[in-house]
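Work through these exercises with the structure open beside you. Try each task before you read its solution.

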Amino acid sequence: MKKVEAIIKPFKLDDVREALSLAGITGMTATEVKGFGRQKGHTELYRGAEYVVDFLPKMKIELVVTDTQVDACLEAIIKAAFTGKIGDGKIFVSSVERVVRIRTGEEGEAAV
């Protein structure tokens, strides 16, 4: 099993959720986060004063999928989150050693 974490633009969340659903992937956690990468933030004008916005609003989605679903998951996220502009985000994939469903006690792929 793999854990997929994706940092995306907030307005792309619904598109990504729909794309994952069409790919047969159910269940995800979405969190509002702030951060920056190569963008390094930007400057804004507020009441005549200029200030730097270092941390930009992003969405972090987390999923645990089977090894056979990883490629479909990545493809769905990339296609749905793509705008072609700086700040589209990143995807991280890591191994998951163990999963337990609290309600039933199921483990492994049955718990995903």
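**Exercise 1. Placing Glu-107**

Task: Find where Glu-107 sits, and decide whether Glu-107 is buried, partly exposed or exposed.

Solution. 
Step 1. Look past E6: Glu-107 lies in the segment that follows this strand. Keep in mind that this is a predicted model.
Step 2. Take the relative accessibility of Glu-107, which is 41%. Buried means under 20% and exposed means over 50%. Glu-107 therefore counts as partly exposed.
Step 3. List its contacts, leaving out residues up to four places away in sequence. Glu-107 touches Arg-98, Val-99 and Val-100.
Step 4. Compare sequence with space. Glu-107 and Lys-79 are 28 residues apart in sequence, and their C-alpha atoms are 31 Å apart.

**Exercise 2. The length of helix H2**

Task: Check the span of helix H2, residues 70-81, against 1.5 Å a residue.

Solution. 
Step 1. Count the residues: H2 has twelve.
Step 2. Work out the expected span. The rule is 1.5 Å times one less than the number of residues. For H2 this gives 16 Å.
Step 3. Compare. The end C-alpha atoms of H2 are 16 Å apart, so the two values agree.

**Exercise 3. The buried side of H1**

Task: Find the buried residues of H1 and say what covers them.

Solution. 
Step 1. The buried residues are Leu-13, Val-16 and Leu-20.
Step 2. Their arc around the axis is only 65°, which puts them on the same side of H1.
Step 3. The cover includes E1, strand E2 (29-35), E5 and H2.
Step 4. Go just past the helix. There Gly-24 takes a positive phi of about 85°.

**Exercise 4. The second largest pocket**

Task: Describe the lining of the second largest pocket, then study Thr-29 and Val-64 from that lining.

Solution. 
Step 1. Start with the space. The second largest pocket holds about 160 Å³.
Step 2. E5 gives the largest share, three residues.
Step 3. Sort by class. Six lining residues are nonpolar, three are polar and two are charged.
Step 4. Take Thr-29, in strand E2. Its relative accessible area is 42%, so Thr-29 is partly exposed. Leaving aside residues up to four places away in sequence, Thr-29 touches Lys-60, Ile-61 and Glu-62. Ser-94 is 65 residues from Thr-29 along the chain, with 16 Å between their C-alpha atoms.
Step 5. Take Val-64, in strand E5. At 29% relative accessible area, Val-64 is partly exposed. Beyond its neighbours within four places in sequence, Val-64 is in contact with Met-1, Lys-2, Lys-3, Val-96, Val-99 and Val-112. Val-64 and Lys-85 are 21 residues apart along the chain, and their C-alpha atoms are separated by 28 Å.

How values were computed: Residues numbered from 1 in each chain as written. Predicted model: local features only at pLDDT ≥ 70, side-chain atom pairs only at ≥ 80, totals over all residues. Heavy atoms only, no water. Helix = DSSP H or I, 4+ residues; strand = E, 2+ residues; numbered from the N terminus. 1 Å grid on protein atoms, 1.4 Å probe; cavity = no way out; pocket = protein on both sides within 12 Å on 5 of 7 lines; lining within 4 Å. Points joined across faces, edges and corners; volume = space filled by probe spheres on them. Nonpolar A, V, L, I, M, F, W, Y, C, P; charged D, E, K, R; others polar. Buried < 20%, exposed > 50% of the residue type's maximum accessible area, 1.4 Å probe, protein only. Arc of directions from axis to C-beta. Contact = heavy atoms within 4.5 Å.
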